[in-house]
Amino acid sequence: MALAGASEALFTQPLLLLGGAVIAAPIFRKLGLGTVLGYLAAGVVIGPVLHLIGGSGEILAVAELGVVLLLFIIGLELKPSRLWTMRRDIFGLGTSQVVLTGLALTGLVYAAGLLNWRGALVAGFGLALSSTAFALQLLEDYGDMNSRYGQRSFSILLFQDLAIVPLLAMVSVLGSQGGEAQQSPILEVGIAVGAVIAMILAGRYLLTPMFQIIARTGAREVMIAAALFVVLGSAYLMQVAGLSMAMGAFLAGVMLAESSYRHELEADIEPFRGLLLALFFIAVGLSMELQVIVDNLLLIVIAVPVLMAVKALIIYAICRIAGSTHNDAIRIGMLLPQGGEFGFVLFTTAAAAGLFTGAQSSLLISIVTLSMALTPLTALIGQRLLSRDATEKEEMDEDFEGAGSDVLMIGFSRFGQIAAQILLASGRDVTILDDSPDRIRQAATFGFRIYFGDGTRLDMLRAAGIEKAKIVAVCTHKKEITDKIVDLIRSEYPDVRLFVRSYDRVHSLELRAKDVEYELRETFESGLLFGRRTLEGLGASEDEAYTIGEDIRRRDEERLKLQAQEGILAGRELIHKRPVKPEPLVKPKKAIQAVEEEREVPAA
């Protein structure tokens, strides 16, 4: 009977968890609250409310692998060189956040008389940590992981993961009252550092050769098994050394970031990551002790908003001091005000060391859990607090010394970079104007001199030397920005020759109506070349493919001229449809009109 009950639980619990995720996530995403809050709500309903699953310890232990896999995938996206460029944010912002927030919360806990000074110190620094899983999932939902504020948020979270090592050592020292620790804190730190060095060496000299050997077998399932082995093995190594499992997985990802197997590993791990991370959030909901919340309702009602407000204000302040814009500082502050999953570990360890009671540990864990549950809402509130200029851009010094070439190029994204190559290769000077600081810094690493400035501002155009330019090349990628620049130049400098990147056929017609000398749809030439190469791949000769491509080009230009005069539906007969060679042997009894002529959609 017991075996039957265990077997039934083995199936019913996963069904309940998966069912809760499937139902809650779409509903909450539809409501604009995000999937994280949906998973939390599903966990609360399944566990504390309906008692369909009792206890979440084992589920949470398994689900934490979702956080581990998430950090591994993030590590794959961060090459060591890029991580080195983030060092100031990691050790500057990260250190400031943990130390200042930890001391502030320690003072509040001690002043309120909730714990003695040792317990308050552990509680304060434990609450200073934020939830890596929640914050990164929200960044992923918003598509902001690669934004400036997303990278700074990640830097803070990364340092918090590092900080768990000295914090656990602090618990060991305080628990033994400074003299009877089972293991020296210096030895613990030494072991942790040694483990990190071992991880780096293994990643550099063992992992890539191992994947090369496995790849030669051609067995996809072995590759998946190897990827999971590397992630879980590195996570376990770090845990044994006293570091977090997530840190081990992150280091493994960073070591493989420059490997040719990076994309394969990411594709193999992603399904496991998504499912286990959803399970983690559900398990957090399951772990909420409603009775503890009811018994300490007033204290929790005060403590949770105070915790989140103190963290948000400190994070906002240090981000502003570090040079973040008002909007970015608000985004970071409202993304990281919650307690973190590593707080669970710290509080449980502190209770075992006698720094506070089990009930006090449960209370702190409840505060952390509730703050996690409120994070999606605080992130939404943060959006409301942003300044009206939602497109606020990072400011840079505007230095136009040396500007004033024959060609003024506005916009230096992928299209502009390719176009500039031809001009620069011919020995022509090009003044390039762009309003993305990140793009300017990236271009500078390749030796390009890009001027920072907004091409929609007349004073920027004048400073960049538009009055000296023989041609202005507008290569911006957003149609509305391109139109704004073209209209501004046409009104102020009607004689300037304009060469413009067009978004699509309709945009090309609009630009021709504005007397633009030359326009080119951003996908036209690449599409023609792609079609020619495909035709050659099917066996056609290079000359035949080229002749057909030139015929398409000629027909397209004729069609554009007709459309400019007669409207978008003009020139349909110039479009190549289905070829009808050889002619049918039997003449059809009824004339058939091509469907394409009935429902013509303008070609790209």
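## Asp434 in strand β2

Asp434 is buried, with a relative accessibility of 3% (buried means under 20% relative accessible area, exposed over 50%, partly exposed in between, with a 1.4 Å probe and protein chains only). Asp434 is found in strand β2, residues 430-434 (strands are DSSP runs of E, at least two residues; helices are runs of H or I, at least four; both are numbered from the N terminus). This is a predicted model: local features need pLDDT of at least 70, side-chain atom pairs count only at pLDDT 80 or more, and totals for chains, interfaces and linings use all residues. Residues are numbered from 1 along each chain as its sequence is written, and side-chain values use heavy atoms, with hydrogens and water left out.

A polar atom of the Asp434 side chain lies 2.7 Å from the backbone nitrogen of Phe412. Beyond four places in sequence, the contacts of Asp434 include Gly411, Ser413, Arg439, Ile440 and Tyr451 (contact means heavy atoms within 4.5 Å).

## Thr106 in helix α5

Thr106 is found in helix α5, residues 87-111. Thr106 counts as buried, at 11% relative accessibility. A polar atom of its side chain lies 2.7 Å from the backbone oxygen of Gly102. Not counting residues up to four places away in sequence, Thr106 touches Ala120, Leu121, Gly124 and Phe125.

## Helix α15

Helix α15 spans residues 326-335 and is mostly covered. Of its 10 residues, 9 are buried. Among them are Asn327, Ala329, Ile330 and Met334.

Arg331 and Asp328 form a salt bridge, their closest N and O atoms 2.9 Å apart (a side-chain nitrogen of Lys or Arg within 4 Å of a carboxyl oxygen of Asp or Glu). Both residues lie in α15, 3 residues apart, about one turn of the helix. Arg331 and Asp328 are both buried.

The structure holds 19 salt bridges. One of them joins Asp483 and Lys479, at 3.3 Å from N to O. These two are 4 residues apart in helix α21 (residues 479-492), so about one helical turn separates them. Asp483 counts as buried at 12% relative accessibility, whereas Lys479 is partly exposed at 28%.

Asp483 also forms a salt bridge with Lys514, where the closest N and O atoms are 3.7 Å apart. This pair links distant parts of the chain: Lys514 lies in the loop between α22 (505-513) and β6, 31 residues from Asp483 in helix α21. Salt bridges that share partners join Lys479, Asp483, Asp487, Glu510 and Lys514 into one network.

## Aromatic pairs

The whole structure contains 3 aromatic pairs (rings of Phe, Tyr and Trp, using its six-membered ring, with centres within 6.5 Å; planes under 30 degrees apart are stacked, over 60 edge-to-face, the rest tilted). In one of them, the ring centres of Phe499 and Tyr518 are 5.5 Å apart and the planes meet at 45 degrees, so the pair is tilted. Phe499 lies in strand β5 (residues 497-502) and Tyr518 in strand β6 (residues 518-521), so the pair ties together parts 19 residues apart in sequence. Phe499 is partly exposed at 25% relative accessible area; Tyr518 is partly exposed at 41%.

Glu289 lies in the loop between α12 (262-286) and α13 (290-295). Glu289 is partly exposed, with a relative accessible area of 37%. Glu289 and Ile365 are 76 residues apart in sequence and 9.1 Å apart in space, C-alpha to C-alpha. Beyond four places in sequence, Glu289 touches Ser362 and Ser366.

Methods. Polar contact = N/O pair within 3.5 Å; in protein donor to acceptor, adjacent residues only side chain to side chain.
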